[in-house]
Amino acid sequence: MKMKTGEFIALSACTMTLTALGIDIMLPAFGEVRKHFGLSPASTDTAQIISFFFMGQVAQIIFGALSDRFGRIAILRVGFPLYIIGGIVAAMAPNLPAMLAARFVAGMGASAVFMTTIAGVRDRFVGDEMARILSLIFTIFLFTPVVAPFLGLAIMSVGTWKMVFLAPPLFAVVVFLWSLRLEESLPAAQRTPLSRAHVGRSVMRVISNRTFLRYTAVTTLLFTALSSYVSSSEHIVGEIYGKPELFAWIFAGMGATMSLCALLNSRLSSLFGARRTIKWLLAAYTAIGTALLVLTWALGDPPQMPLFFIAVTMMLAINLAVEPNSSALALEPMGDMAGMASAIYGTCFFFVGASLGSVTSHLMAHSVFPLVLCFFVFGLISVLLAFGDRSQPATGTS
């Protein structure tokens, strides 16, 4: 690898940041977007701007098969133009349906970049070492939620919401040029043929692996709750709690906490291993979700603002610490099918999670209870899945 490990981690974090930046920076602009398209202040339709971006991740299935055949770099260089073009068209869209279509295309581009990044890490590392590297990558890219809302507000102070929407594709141009230094991680000898029969066999081998299914389900369930919160966060703070001036600060505080938790997970994974760490993280997540549900039921909906956001921040921080472990454990047994496995994994938690999350978002016009219930139910199922794993951990790196 031409790059040293430090530069590889930094570049991987920046490529994954494109997904976060394509969401977080524009959340403060949703009020202006509602005005521009003639929506009511209480409308939850702007949540679809996030949901359609996530749903574009369904393209990972296609990109996964192509990356196993043509290599990671080729697909990475397809993803960047899709993300850039989709972002520019979304900023210039004449109506909301056109914007949603462009956001779907941008999501497709982000899916190609995200999938090849995860597959590239899997090509180079396995097991607990992969969990450690992914935790470091997540720690860097999670600074995006800290700065993105303030950056969005800063841009709007001198420009319009359209300039905010143009910031992610402009950043993508810079990362794209940097990625030209990256070398291919999948040797030609290890690539698989692109035929219907072979792709079908690969898909069946991936989805028949119980370990893969277990940890993909964990990530998908937790991402459903996360995507539901993120797409509705501006509405929750501004409309349900009536404190729009606090949105950027709350979102940034959450991002900082999530980043610190991801860094802590890197240390925990090294000390105790990914399997043991994920079990106790999910136990803590479910305990907090249970407490929030009980207090919301007992004290009223919505619960007091500090109580709600402290609990949600803790759960989202744990969520982002769980994800590198679940990724490593799901992909660990995949070996020569890392591309297809990464694609199915990403499609499940992005597309399925975002689709289910959008349903929850639409139920939160005046209440946070649907989200609180979502955190509790999905946390409970996830902890049962994790503690039901009796697999023996693998060792070694590649």
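This is a predicted model: local features need pLDDT of at least 70, side-chain atom pairs count only at pLDDT 80 or more; totals for chains, interfaces and linings use all residues.

Student: Start with helix 3 and helix 6. What is the angle between them, and how far apart are their axes?

Tutor: Helix 3 (residues 47-55) packs against helix 6 (residues 96-124) at about 40°, and the axes are 6 Å apart. The crossing is right-handed.

Student: Which residues in helix 3 and helix 6 meet?

Tutor: From helix 3, Gln-48, Ile-49, Ile-50, Phe-52, Phe-53 and Met-55 take part. Helix 6 contributes Leu-96, Met-99, Leu-100, Arg-103, Phe-104, Ala-106, Gly-107 and Ala-110. Sorted by class, that contact has eleven nonpolar, two polar and one charged residues.

Student: Now helix 11 and helix 13. Is their crossing left-handed or right-handed?

Tutor: Left-handed. Helix 11 (residues 210-240) and helix 13 (residues 274-299) pack at an angle of about 35°, with 14 Å between their axes.

Student: Which residues make the contact?

Tutor: On helix 11 they are Thr-211, Tyr-215, Val-218, Leu-222 and Ala-225. On helix 13 they are Arg-275, Ile-278, Leu-282 and Tyr-285.

Student: Change of topic: helix 10. What should its twelve residues span?

Tutor: Helix 10 covers residues 196-207, and at 1.5 Å a residue the span should be 16 Å. The end C-alpha atoms are 16 Å apart, which agrees.

Student: Which residues of helix 10 are buried?

Tutor: His-198, Ser-202 and Val-206. Viewed down the axis of helix 10, the buried residues fall within an arc of 70°, so they line one face of the helix.

Student: Why would residues three or four places apart point the same way?

Tutor: Because an α-helix has 3.6 residues a turn.

Student: Next, Asn-319. Buried or exposed?

Tutor: Asn-319, in helix 14 (residues 305-331), has a relative accessible area of 6%, and the cut-off for buried is under 20%, so Asn-319 is buried.

Student: What does Asn-319 touch?

Tutor: Not counting residues up to four places away in sequence, Asn-319 touches Leu-222, Phe-223, Leu-226 and Tyr-285.

Student: How far apart are Tyr-345 and Met-115?

Tutor: In sequence, 230 residues; in space, 8.9 Å from C-alpha to C-alpha.

Terms used. Residues are numbered from 1 along each chain as its sequence is written. Side-chain values use heavy atoms; hydrogens and water are left out. Axes are lines fitted to C-alpha atoms, for helices over the stretch in contact, and angles run from 0 to 180 degrees between N-to-C directions. Helices (H or I, at least four residues) and strands (E, at least two) are DSSP runs, numbered from the N terminus. A crossing is left-handed if the near helix is turned anticlockwise from the far one by less than a right angle, and right-handed if clockwise. Contact means heavy atoms within 4.5 Å. The expected span of a helix is 1.5 Å times one less than its number of residues. Buried means under 20% relative accessible area, exposed over 50%, partly exposed in between (1.4 Å probe, protein chains only). The arc is that of the directions from the helix axis to the C-beta atoms. Ala, Val, Leu, Ile, Met, Phe, Trp, Tyr, Cys and Pro count as nonpolar, Asp, Glu, Lys and Arg as charged, and the others, Gly among them, as polar.
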